[in-house]
Amino acid sequence: MWQALVRWFHRWTSPKIFYQISRPWIFWSSVAAIAILAVALTWGLVFAPVERLQGNSYRIIFIHVPSAFLSQAIYLAIAIMGLVGLVWRIKLAFYAAKQCIPIGASMALLALVTGAIWGKPTWGTWWVWDARLTSMLVLLFLYLGLWALHNAMERQETGDRAAAILALVGVVNLPIIKFSVVWWNTLHQPATLKLTQAPPMHISMLIPFLMAIVGFYLAALAWGLSRTRLEILQREPNARWVREELDQLGSAR
Amino acid sequence: MGVFESFSDFMAMDGHGIYVWLSYAVATAVIVFNIVSPRLLRNRLISEHKRRLRREQR
């Protein structure tokens, strides 16, 4: 059982095999993401009841929280893949880590912008320099720093290693984001979802909320896999199968 | 429709419409970015590959 699992994992670490077996994963996660997000956001916008204190502005939660969750989860994934790349010298981990950066950065930006828009009617201001907002801004800057490091290096392998180290150092920011609403006095409301408590949300809001989170994760999975496939083609242009694949992609267009 | 009395009620969202719709517009832009930017990378890789093939034939 364990050996079968290890063998399955090892298949995924070979760029060529990854390229082949990731294709159906992209297809099915895209289909599921579109279906789930369509239901979740329609439900959230049209059918979920109005919130007692915040009125209709709370409907921003259906994109704000999923994008904030994802921006942190993707960062953690980049750091773990960087560690895997540094320790076990698995090239594919570096490729995937690099291509996750734009996705994570766009999610951090989305969380910040929707938070600012939500802040205006709720707090009366677009922005405050409090712990939660500032640590999320630091997360966005970490993403931009990772991307800049990749582009600054002459050799891509150096960029991989430098970005992996920065990603690992930056992990310290994740608990700061998570506990910022507990450790400091902040305008930002505390976490809505806690593992130890029942959510303080009516079921008719909770279901589309959880669905939106799942939908965003599935979309990010599809984007991450397809970007990693492109990174393989870009990094290994001399492999025969890569040249054949590019021939085929070029002639299909 | 839904919890709203009419479509114009839905758009207005009791005065919060501008905030809600602006947020969803930004979300749409981010989703479009994530779909379009890999397409552009893919097209660039294909044209680089074609250029390289032409160079090698000469």
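1. Chain A carries 21 positive and 10 negative side chains, and the centres of the two sets are 7 Å apart. Lys and Arg count as positive and Asp and Glu as negative, while His and the chain ends are not counted. Each charge is placed at NZ of Lys, CZ of Arg, CG of Asp or CD of Glu.

2. This is a predicted model, in which local features need pLDDT of at least 70 and side-chain atom pairs count only at pLDDT 80 or more, whereas totals for chains, interfaces and linings use all residues. Residues are numbered from 1 along each chain as its sequence is written, chains are lettered from A and ligands numbered from 1 in the order in which they are written, and side-chain values use heavy atoms, with hydrogens and water left out.

3. Nine helices and zero strands make up the elements of chain A. Helices (H or I, at least four residues) and strands (E, at least two) are DSSP runs, numbered from the N terminus. Of the 253 residues, 51% count as buried; buried means under 20% relative accessible area, exposed over 50%, and partly exposed in between (1.4 Å probe, protein chains only).

4. Side chains of opposite charge can pair when their charged atoms come close.

5. A:Glu236 counts as buried because its relative accessibility is 14%, whereas A:Lys91, at 48%, counts as partly exposed.

6. Where do the partners A:Asp160 and A:Arg235 lie in chain A? Their salt bridge has its closest N and O atoms 3.0 Å apart. It links distant parts of the chain, with A:Asp160 in helix α6 and A:Arg235 in helix α8, 75 residues apart. A:Asp160 counts as buried because its relative accessibility is 5%, and A:Arg235 counts as buried at 14%. Salt bridges that share partners join A:Lys98, A:Asp160, A:Glu231 and A:Arg235 into one network.

7. A further salt bridge pairs A:Glu157 with A:Arg155, the closest N and O atoms being 3.6 Å apart. A:Glu157 counts as partly exposed at 41% relative accessibility, and A:Arg155 as exposed at 53%.

Key. Salt bridge = Lys/Arg side-chain N within 4 Å of Asp/Glu carboxyl O.
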